Amino acid sequence: MSDHELAAKLATDAGRLLLTVRKELSQATEAERKAAGDKRSHDYLMAALAAERPHDAVLSEEGADDPVRLQAERVWIVDPLDGTREFSELDRDDWAVHVALWQAGELVAGAVAMPARDITLAAPQVPAPPTHTGSPRIAVSRSRPPAVAEAVRERLDGVLVPMGSAGVKVAAVVQGFADVYVHAGGQYEWDSAAPVAVARAAGLFTSRIDGSPLVYNRPDPLLPDLVVCRPQYADAVLAAIG
């Protein structure tokens, strides 16, 4: 199985497991669903990667950070449950599972599963988003939209579109439901690695909000800001933020 196929399989299978957890805990509290979802998806991904790629390192949101990854040639960067709040609310489908592979300085594989929508987007075969001729749509958090998104909206004369997890927001740009996703104020490598790999495969622009490259597998996994957009909007987005 290729790395691309493995990333897609693991994200999809972890997503199916999360749907089972959600069903089993439908009468539990939201906090109990969050905790169970995080743990069971993480445990599954760690066991599957240990079996399928035993010599690779792993960086997971839910696991202890092992510094051995900094000397490794290959590191899987995973978010077992992106959007725990949305997952815990039984009527929401805007949450995801992220599985990416970093190798020798680059993201070389990535998959974003949206289990409640029965969709997995996986590099390298990701179609470019369809053409959109209306006002640019900027994907933002439904609960805490950053100020930079409003600046971008003003610059582009666009509209804000609230939605859940980071992976879902990037997927919205990939699928053509949004045109821009900009975030500032706190994310980690696992929040964006797989979505960025998928976005790049679709031909989208990706960077930090200052226009610098997104760099992964660093000693500090904090990667607090992100731009993903259709290439034609990149200059205007970065100018609005700057």
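User: What is the relative accessible area of Tyr 188?
Analyst: Tyr 188 has 36%, so it is partly exposed. Buried means under 20% relative accessible area, exposed over 50%, and partly exposed in between (1.4 Å probe, protein chains only).

User: What kind of model is this?
Analyst: It is a predicted model: local features need pLDDT of at least 70 and side-chain atom pairs pLDDT 80 or more, while totals for chains, interfaces and linings use all residues. Residues are numbered from 1 along each chain as its sequence is written, and side-chain values use heavy atoms, without hydrogens and water.

User: Back to Tyr 188. Which ring does it pair with?
Analyst: Trp 190. The centres of the two rings are 5.1 Å apart and their planes meet at 10°, so the pair is stacked. Rings of Phe, Tyr and Trp (its six-membered ring) pair if their centres lie within 6.5 Å; planes under 30 degrees apart are stacked, over 60 edge-to-face, the rest tilted. Trp 190 itself is buried, with a relative accessible area of 10%.

User: How many aromatic pairs does the structure hold?
Analyst: Two. Phe 87 and Trp 95 also form one, edge-to-face, at 5.0 Å centre to centre and 80° between the planes. Both of these residues are buried.

User: Changing topic: what is the strand order in the open sheet?
Analyst: The order of its five strands is E1-E2-E3-E4-E5, with mixed pairing. Strand E1 (57-60) and strand E5 (119-122) are the edge strands, each pairing on one side only. Helices (H or I, at least four residues) and strands (E, at least two) are DSSP runs numbered from the N terminus, and two strands pair if DSSP finds at least two bridges between them.

User: In which sense do E4 and E5 pair?
Analyst: Antiparallel, over four bridges, with E4 covering residues 106-114. Met 114 stands opposite Ile 119 in E5.

User: Which strands does helix H1 lie across?
Analyst: H1 (residues 3-24) lies across strand E2 (74-82), strand E3 (96-103), E4 and E5, at about 30° to E4. Helix H6 (residues 189-201) also packs on the sheet, touching E1, E2, E3, E4 and E5, and its direction makes about 95° with that of E4. Angles run from 0 to 180 degrees between N-to-C directions, with axes fitted to C-alpha atoms, for helices over the stretch in contact. Contact means heavy atoms within 4.5 Å.

User: Where is Ala 166?
Analyst: In H5, where Ala 166 is one of the buried residues. Nine of the ten residues of H5 (residues 166-175) are buried, so the helix is largely enclosed by the rest of the structure. Just after H5, Gly 176 takes a positive phi of about 90°.

User: How many residues of strand E6 are buried?
Analyst: Five of the five, so E6 is largely enclosed by the rest of the structure. E6 (residues 137-141) includes Ser 141, which counts as buried at 14% relative accessibility.

User: Which strands pair with E6?
Analyst: E6 pairs in the parallel sense with strand E7 (residues 159-163) over five bridges, and with strand E8 (residues 180-183) over two, also parallel. Ser 141 has Met 163 as its bridge partner in E7. Ile 138 has Val 180 in E8.
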